[in-house]
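Biologist: Before we talk, could you put the model on the screen and then take me through the terms one at a time?

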Amino acid sequence: MIEKLQHFDRRWIFLILFLAICGSIMHPVSLSVPIEPYVQRSYDTINALKPGDHVLMAFDYGPSTAAEIHPAALAMLRHALSRGAKVIMFTLWNEAVPYIQEAINEVCVPLGKKTNVDYVNFGFKSGGTTGASVIEGMGSNLKAVFPITDDGTPYDGVPALQGVENLKDFKVLISISAGTPGIDEYVRYANARYKIPIVAAVTRVSAPKEFPYVTERQIYGLCAGLVGGAEYEELIKYPGAGTAGLFPLSVANLAIILFIVFGNLIYFLGRIGSRKP
Amino acid sequence: MSHDIGVWISAILTLFVFSFLYKDTLFYRLAEHIFVGVSAAWLFATSIHAQLIEDMLMKAFPHAFHQSSPPEYIVLGGGIIGLAILSRLIPGFISLSRWGVAFLVGFQTGIQLFDAISANILLQLGSTIVPLFNRPLGELIKNWLSTIGTTSSLAYFYFSKEHKGALGVVTRIGIWFLMISFGAAYGSTVMTRMSILITRIHFLLSTWLGVVHG
């Protein structure tokens, strides 16, 4: 019996996991969302914005990570716009271009915000592997880096950019980051040199790497993974994809834990069995 | 069920990729090749537009693109450096590529040196120097754990002396801290992958099949 279980076909695990997730999506259970202090700090930073303040928002992620951090991006954008801030969006990742457009369609347009007046989309800006040249360029002259918006409007013709010359004119930088170039580069160049406050949403797997920056306040607040997005949605009282994913994620994690326990149990029982004469 | 052709293509490709969980199928291979091809094409097209057209040609020759800004011929220098790097492909001109690479390395080093030391070393170093006495109990536990964890983990990577005696004890403690951090990283990776899986299944059930709403 133990030997049979030791050679258990792993495809059963995939099937069970698939069914567990399907079931939890089709029959969701509402879970309470305790707020992490780091997420609360992100919320507090954006909540302190006043109407007319400028916010820079970087969408640095792609299809492989959007599932985790796109909900946080939408929630933060909604929060910043609802505070009356003017949000300037761009990306250093060419895969992120559709996500900016999706954010505009799902958040800016329903809120009645006007392009180039309440928000600006600069689209993709190639900054190489580190993005250093773009971030440093924004520190000295934003217009030189982004001479035109994504819809072809010249920088000087954008009402939302009146009075904005460089990074120092922004109250906060929101970095939605899944790798390089991303949050590490903004900490290194935008925060270290130009002292711009940063709040961020990152993938759960990269969050442990970013916590030391949060401790030193190089990052003011951090939303980690889908759960971080759900927490932010809870704070702004606007449940979205983050909240919807919370129960299936809990079920999936529970299934993984059970599989790990089961696997170890079989392994140790097998060892005990093999020692018997 | 969706009537959008894009949703159908996306759903079918998702199922093709999932077929790999059963075994390495022809469907998975097809989806994989489509993914690589589309990604490369997208990267090529956006890079050409963003770097060659927007960053160089539009700035150097703005009137050709109906822009009123004054021409910035200096950006053509970047194009020359780029061509120098590409000269590696032409036999007899390989040495030219070294100039381009040297410029890139020098620029990146210069721009990163100051900020990286400040942000990644000095400030992080500062946060490990914490008070170990006369603080509230909770803070003391956190500070002692941080100090012991940092020093013992660093000691593990000290290879100039054999890990025996007192150093051996410290490095063993360091291994425990490292294993706990690897465990946390593994747990985070599982959560990341599960989030992606949930989103794909949600897409299939909601956007494609319409079984789930919202």
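Biologist: What makes residues of helix 6 of chain B count as buried?

Modeller: A residue is buried if 20 or more other C-beta atoms, placed from the backbone, lie within 10 Å of its own, and in helix 6 of chain B the buried residues include B:Thr171, B:Gly174, B:Met191, B:Met194, B:Ser195 and B:Ile198. This is a predicted model, in which local features need pLDDT of at least 70 and side-chain atom pairs count only at pLDDT 80 or more, while totals for chains, interfaces and linings use all residues. Residues are numbered from 1 along each chain as its sequence is written, and chains are lettered from A and ligands numbered from 1 in the order in which they are written.

Biologist: What covers the buried residues of helix 6 of chain B?

Modeller: The cover includes helix 12 of chain A and helix 5 (137–156) of chain B.

Biologist: Why is helix 12 of chain A called oblique to helix 6 of chain B?

Modeller: Helix 12 (residues 246–275) of chain A and helix 6 (residues 165–208) of chain B pack at an angle of about 130°, with axes 10 Å apart. Angles under 35 degrees count as roughly parallel, over 145 as roughly antiparallel, 65 to 115 as roughly perpendicular and the rest as oblique, so helix 12 of chain A is oblique to helix 6 of chain B.

Biologist: Which residues meet there?

Modeller: Among them, A:Leu249 and A:Ile256 in helix 12 of chain A meet helix 6 of chain B at residues including B:Met191 and B:Ile198, and by class this contact has 8 nonpolar, 2 polar and no charged residues.

Biologist: What span should helix 6 of chain B have?

Modeller: At 1.5 Å a residue, its 44 residues should span 64 Å, and the end C-alpha atoms are 63 Å apart, which agrees.

Technical notes: Axes are lines fitted to C-alpha atoms, for helices over the stretch in contact, and angles run from 0 to 180 degrees between N-to-C directions. Helices (H or I, at least four residues) and strands (E, at least two) are DSSP runs, numbered from the N terminus. Two residues are in contact if their C-beta atoms, placed from the backbone, lie within 7 Å. Ala, Val, Leu, Ile, Met, Phe, Trp, Tyr, Cys and Pro count as nonpolar, Asp, Glu, Lys and Arg as charged, and the others, Gly among them, as polar. The expected span of a helix is 1.5 Å times one less than its number of residues. A residue is buried if 20 or more other C-beta atoms lie within 10 Å of its own, exposed if 12 or fewer, and partly exposed in between; C-beta atoms are placed from the backbone.
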